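Hi,

Here is the structure I promised to hand over. Have a look at it first, then read my notes below.

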Amino acid sequence: MSRWDDVSEAAKQLIYDLNELDIAESLASRNAAADRVRALHERVTNQHVDVCTYCSARDYPAYEVPWPCDTIRALDNTEEP
Ligand SMILES: [Zn+2]
């Protein structure tokens with residue numbers, strides 16, 4: 001089995017459709033977007049509890065949303081603890 005066999009179909013399609021500079025530019029752009037989302041959903045510790053400042057302020061003014069929030073878990077592809 002080669003490494004190619006482990007590559008996702010989506011990744012293979014990018015290689016077929018784009019050259020390496022296009023792929024690198026796309027990856028850099030998406031990494032920057034993910035960094036902006038992470039910065040927006042910043043973790044702060046409030047009374048020994050990690051909370052998401054953005055979700056707490058936006059969704060639940062009277063409730064602090066635990067960090068990692070749904071958005072960070074979606075970025076990290078993790079389940080709710
Ligand atoms: Zn959040």
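**What turned up**

Let's start with Tyr16, which counts as exposed at 56% relative accessibility. For these labels, buried means under 20% relative accessible area, exposed means over 50%, and partly exposed is in between (1.4 Å probe, protein chains only).

Before you go further, note that this is a predicted model, where local features need pLDDT of at least 70 and side-chain atom pairs count only at pLDDT 80 or more, while totals for chains, interfaces and linings use all residues. Residues are numbered from 1 along each chain as its sequence is written, and side-chain values use heavy atoms, with hydrogens and water left out.

**The aromatic pair**

How many aromatic pairs does a search of the whole structure find? The search gives 1. The ring centres of Trp4 and Tyr16 are 6.1 Å apart with their planes at 65 degrees, so this is an edge-to-face pair. Trp4 sits in helix α1 (residues 3–6) and Tyr16 in helix α2, 12 residues apart, and the pair links distant parts of the chain. Rings of Phe, Tyr and Trp (its six-membered ring) pair if their centres lie within 6.5 Å; planes under 30 degrees apart are stacked, over 60 edge-to-face, and the rest tilted. Trp4 is partly exposed, at a relative accessible area of 35%.

The helix and strand names come from DSSP runs (H or I, at least four residues, for helices; E, at least two, for strands), numbered from the N terminus.

**The zinc site**

Which residues hold the zinc ion? His41 (ND1), Cys52 (SG), Cys55 (SG) and Cys69 (SG) coordinate the ion at 2.0 to 2.4 Å. Donors here are N, O and S atoms within 2.8 Å of the metal (3.2 Å for Na, K and Ca), and water is not among the atoms, so sites may look incomplete. The 4 donor atoms subtend angles of 103 to 118 degrees around the zinc ion, which makes the arrangement tetrahedral. His41, in the loop between α3 and β1 (43–46), and Cys55, in helix α4 (residues 53–59), link distant parts of the chain, 14 residues apart. His41 is buried, with a relative accessible area of 4%, and Cys55 is buried too.

Ser56 also has its place in helix α4, and this serine counts as buried at 10% relative accessibility. A polar atom of the Ser56 side chain lies 2.7 Å from the backbone nitrogen of Val65. That is a polar contact: a pair of N or O atoms within 3.5 Å, where within protein one must be able to donate a hydrogen and the other to accept it, and residues adjacent in sequence count only if both atoms are side-chain atoms.

**Salt bridges**

Side chains of opposite charge can pair when their charged atoms come close. A salt bridge is a side-chain nitrogen of Lys or Arg within 4 Å of a carboxyl oxygen of Asp or Glu, and by this rule the count comes to 4. Among them is the one between Arg38 and Asp76, at 2.6 Å from N to O. Arg38 lies in helix α3 and Asp76 in helix α5 (residues 70–76), so the pair ties together parts that are 38 residues apart in sequence.

Another one joins Lys12 and Glu9, whose closest N and O atoms are 3.6 Å apart. Why are these two about one helical turn apart? They are 3 residues apart in helix α2 (residues 9–17). Is each buried or exposed? Lys12 counts as buried at 10% relative accessibility, whereas Glu9 counts as exposed at 59%.

Most residues other than glycine have a negative phi, and most peptide bonds are trans. His48 has a positive phi near 70 degrees without being a glycine, and counts as exposed at 82% relative accessibility. Asn77 also has a positive phi, about 55 degrees, although it is not a glycine; its place is in the segment after α5.

Cheers

Terms used:
Tetrahedral: all angles 85-135°; square planar, octahedral: opposite > 155°, others 65-115°.
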